[in-house]
Amino acid sequence: MKLTKENIDFIDNYLKKGGIKYWDVRLEMVDHLVSDIENYEGAADFETAFNHSLVNAGWDKNLKAVHMQSWKSTNKIYRKIHFNEILKLLKNPSTLIGFIAFYFLFNRIAVIFSEYLKLIAFTVLLVPILVLLYESFKTWIKKLGKSVNMQYGLFYFSFGLIMINLPLQLLPKSYLHLWLPFLMTVYLLMMVAGYKVYKYAYKKMLKLKCL
């Protein structure tokens with residue numbers, strides 16, 4: 001059975017009304033259903049074949065549960081990508097040396113120019129945030145819409161900021177010149193890894209938009 005554009009639009013609208021909010025999730029589901037319907041054996045109208053494919057995929061009852069499951073499975077994928085990007089940075093000799101050099105430079109500044117420590121720490125925090133805001137704006141300009149991939153791409157980009165917030169507030173006054181450079185180095189490491197995760201999601205969404 002060869003589907004028309006109207007049939008495909010019907011499937012997409014059905015999923016959207018059923019609670020599948022994110023277009024990239026719907027795109028994968030539509031592709032699966034279209035493939036299953038077109039391979040349907042036997043004489044049947046579109047509605048019968050469509051309902052049969054929904055049952056085959058297990059999407060005939062609660063699409064909102066499918067939507068939540070897509071969030072969980074996508075989060076697992078991006079969490080693994082983020083972790084792997086951190087490992088890649090640490091395994092790369094040049095980037096590892098760069099992070100170590102950043103720590104010792106920050107440490108020396110903390111000791112020699114302690115009166116400017118808060119300003120320098122704020123600057124280190126601010127630069128990745130500005131990049132994050134710029135990338136968020138670029139995503140909006142591209143009109144990528146509601147995408148679960150972009151949601152997690154941006155989340156893991158900002159993950160370093162989320163994780164560093166509480167430790168910064170609990171830093172002891174003593175040995176500040178040791179602990180603050182360490183936290184800032186970890187923050188920078190996580191933000192760089194998060195940026196790579198975001199770029200992965202961004203390129204993936206641009207590619208899907210062109211399909």
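This is a predicted model: local features need pLDDT of at least 70, side-chain atom pairs count only at pLDDT 80 or more; totals for chains, interfaces and linings use all residues.
I started with the salt bridges and got a count of four.

Helix 1 came next. I found Asp9 in a salt bridge with Lys5, with the closest N and O atoms 2.9 Å apart. The two sit four residues apart in helix 1, so about one helical turn separates them. I looked up the cover as well: Asp9 is partly exposed at 34% relative accessible area, and Lys5 is exposed at 57%.

Then I went to helix 4 (63-91). Lys88 and Glu85 meet there through their side chains, at 3.9 Å from N to O. They are three residues apart, about one turn of the helix. Lys88 has a relative accessible area of 53%, so I put it down as exposed, because the cut-off is over 50%. Glu85 is buried, at 15%.

In helix 6 I saw Lys138 and Glu135, three residues apart. Their salt bridge has its closest N and O atoms at 3.2 Å.

What forms the positive surface patch I looked up? I wrote down Lys16, Lys21, Lys64 and Lys146. Lys21 lies in the loop between helix 1 (5-18) and helix 2 (23-38), and it is exposed at 51%.

Last, the inside. The largest nonpolar core has 48 residues, and Ile11, Leu15, Met29, Phe106 and Met184 touch the most other members. Several helices supply at least two residues each, including helix 3 (46-57) and helix 5 (93-112). Which helix gives the most to this core? I found that helix 9 does, with 11 residues.

Definitions and conventions. Residues are numbered from 1 along each chain as its sequence is written. Side-chain values use heavy atoms; hydrogens and water are left out. Patches are made of residues with over 30% relative accessible area and no salt bridge: like charges are joined within 9 Å, nonpolar side chains (Val, Leu, Ile, Met, Phe, Trp, Tyr) within 5 Å. Accessible areas come from the Shrake-Rupley method with a 1.4 Å probe; for residues, only the protein chains shown count as cover. Lys and Arg count as positive and Asp and Glu as negative; His and the chain ends are not counted. The place of a charge is taken as NZ of Lys, CZ of Arg, CG of Asp or CD of Glu. Buried means under 20% relative accessible area, exposed over 50%, partly exposed in between (1.4 Å probe, protein chains only). A nonpolar core is a set of buried Ala, Val, Leu, Ile, Met, Phe, Trp, Tyr and Cys residues joined through side-chain atoms within 4.5 Å.
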